[in-house]
Structure formats: structure tokens, C-alpha cells
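I am going through this structure one element at a time and noting what I look up.

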Amino acid sequence: MQQLDRRFVIWGYPLNTHTHSYIHYGFFKALQHLGYDVRWFDDIKTEENFDNCIFISESNCSKNIPINKSSKYFIHNICDGFTLQNKIEHSEIYNLLVYHEEYNFPDNLQSLDDYSWYDPETKNIMIMWGTDLLPKEIDNIQPVLYDQSKSDINFIGTIQGENSINFAHICADRGKNFYNLGGYTGSSQNDNSQFYNNSESINSLRKSYLSFDIREEQHLRNGYVPCRVFKNISYGMWTGSNSPKIKKFFDGHLTINDNLSQLYDNLVSDYSFCTKKKIRNSMNYISNNHTYLNRVQSLLSVL
């Protein structure tokens, strides 16, 4: 990646205060790892000089972001789709979209790589989420093999709706204790934040009998790819999902079934036959394609 002689600014939610703060954290870690000068600011007014910077932010936490013509801005969710530039007042701003299938895609949409796309007319960039780990960190994690004796199933994140609740009941019916840790209503064991911190999330997941992500109807329909899938695989766990549309990105790396009971049974079966080599292969897939080093490269390629 070509090194740019510019400062980077993460402008947004403090870590562990909002779900999007983990996206900011992923970018922050990646930029630091690449050797960039990068700082993280809350959305408050400041007298700091921000000339010639590259900002990464999100629309709901960019009320006080300082706009100047010498800087560039990647801001999530300014527009809900590939809309025309008239919704973006400044030509220095790029709108970031997260991947799903139901956008009105323009004819001239360009592929930046296999997992990110760009429309130069509207300056919309569509990316996927990724794991919060760096490739070296993934390399240092050992795959977790199936262990029938584990009694607890730990789900990290927010219970989204009926499918998630039904899957929790299925876990209980199979004789396992289901725990929802973190998410909007959770709290950290080590501080007063409203979310589990990263080390807690990783440790709790790796102690879990199973690893999975359950989507509700909107995401099943539009093929949204949640960050939880990227993370859980990178943390060394064989993982399942009830979202068949994401198979095109994870074929051979996930157990997928939209029937929740069958998903549970298939996930237990697939996981019980997993070798360390098979799990490591899936971890390597995330390491090579779905870290925020990949996402930074995608963004910078349009400048």
C-alpha cells in the first residue's frame, strides 16, 4: 500500500460506548499498524488544526466534524444508498455504505477488490465489516476444537428479534445454558461501559459450546454480512449462520442453514468433525481478506 503523508483522524464514538465504536477501533488499529499518524476524537468542538487530514467517521457522530478543503472524509451513512452528490454538500466527502444486496446499484459501479465497490459519480463506497484483529493477532490464536462437555453457550452482542430468541430456546432445549453477553444492554466486567470489551468478548466466545450469528428477516432478505461472523471465525471458532445469502462469501468456512433447529444440529455435527487445520483455514481466510488492513486499502485506493 502506498504510504500517504497525511494525518488520519477517527472522529466518533469513544470505544465501548456504541456498536459503531468497534468499527472505528478496527480502523484505528489498522492505521496504527501501518505506521500512520492517527488520532481519535469524540464529536466535540476543538481548536485543533485539521488541515490535510483523512477523516473516518459516522453520520450520527459527525455533528462537529471540522470540514476543510484540504482534507478528505470517509463518513458512514450520510446517504442511504447510491444517491446523487446533491445530498453531500462537500466534494471532499465520501459516503460509506455497508454491503447488502438491496441498494439501487448504478451501472458504473467499480470493484475496488472482491469485497468493496465504488461509484465515482456519487462518491459512494460500499465496504464490508471485518474482524477487529490484525493478521498477526489471528496467527497467534489457537483454533478451539469441539468439546461436548461444555455446558454454556455465550452469545456476544444484542439479541435482535424473534429468530435470535427462538435459537436461544433451541439451545436450552438441547440441554445447554444460553447467555447473552454484551450488546446494547450488557455491561463490562472491568469498567463502567455499556459493552463487553474486546478481551472479554474473545475469552467468553472461546469458552462457548458453539459460535454463531443469527439474523432477522430484513438481513436474511438483503444478504447483510454482520461483523460478528468475521470476528467469531478470527477468534478461532467454527461458526454457524442462518443467512444463506452470505454463503457466496463464506462457502466452506461456515455452517449455514435457515432452519434454526437444523442449523443447531448441523453446526454441532460440522464442529465435532472439525480439525485444527480446517478451523485455521477459515481463520486464514479472514486474515487475508477481512481485516481493517483490507478495508483501509480499499478506502485509500479511491484517493
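Predicted model: local features only at pLDDT ≥ 70, side-chain atom pairs only at ≥ 80, totals over all residues.

Buried, in these notes, means under 20% relative accessible area, exposed means over 50%, and partly exposed is in between, with a 1.4 Å probe and protein chains only. Residues are numbered from 1 along each chain as its sequence is written, and side-chain values use heavy atoms, with hydrogens and water left out.

**Entry: strand β7**

Helices (H or I, at least four residues) and strands (E, at least two) are DSSP runs, numbered from the N terminus. Which residues of β7 are buried on each side? Ser116 and Tyr118 are buried on one side, and Trp117 and Asp119 are buried on the other, so that both faces of the strand are covered. In a regular strand the side chains alternate between the two faces of the sheet.

I then looked up the partners of β7. I count two strands as paired if DSSP finds at least two bridges between them. β6 and β7 pair in the antiparallel sense over 3 bridges, and Asp113 stands opposite Ser116.

Strands of a sheet pair through backbone hydrogen bonds, either parallel or antiparallel.

β4 (residues 72-76) and β5 (residues 93-98) are parallel over 4 bridges, and Tyr73 stands opposite Ile93 of β5.

**Entry: two positive phi values**

I looked at two loop residues. Asn77 lies in the loop between β4 and β5. Asn77 is not a glycine, yet its phi is positive, at about 65°. Asn77 is partly exposed, with a relative accessible area of 37%.

Lys123 lies in the loop between β7 and β8, a hairpin with 4 residues between the strands. Phi of Lys123 is positive and near 60°, again in a residue other than glycine. Is Lys123 buried or exposed? Lys123 is buried, with a relative accessible area of 13%.

**Entry: helices on the sheet**

Contact means heavy atoms within 4.5 Å. Axes are lines fitted to C-alpha atoms, for helices over the stretch in contact, and angles run from 0 to 180 degrees between N-to-C directions.

**Entry: helix pairs**

Two packed helices are described by the angle between their axes and the distance between the axes. I call angles under 35 degrees roughly parallel, over 145 roughly antiparallel, 65 to 115 roughly perpendicular and the rest oblique.

α1 and α10 pack at about 85°, with their axes 8 Å apart, and are therefore roughly perpendicular to each other. The contact is made by Ile23, Gly26, Phe27, Ala30, Leu31 and His33 of α1 with Tyr292, Leu293, Arg295, Val296 and Leu299 of α10. These residues divide into 8 nonpolar, 2 polar and 1 charged. Ala, Val, Leu, Ile, Met, Phe, Trp, Tyr, Cys and Pro count as nonpolar, Asp, Glu, Lys and Arg as charged, and the others, Gly among them, as polar.

α6 (residues 227-234) and α9 (residues 276-289) pack at about 125°, with their axes 8 Å apart, and are therefore oblique to each other. Phe230, Ile233 and Ser234 of α6 meet Ser282, Met283 and Ile286 of α9. The residues of this contact divide into 4 nonpolar, 2 polar and no charged.

**Entry: Ser287**

Ser287 is buried, with a relative accessible area of 9%. Leaving aside neighbours within four places in sequence, Ser287 is in contact with Pro135, Ile138, Asp139 and Asn294.
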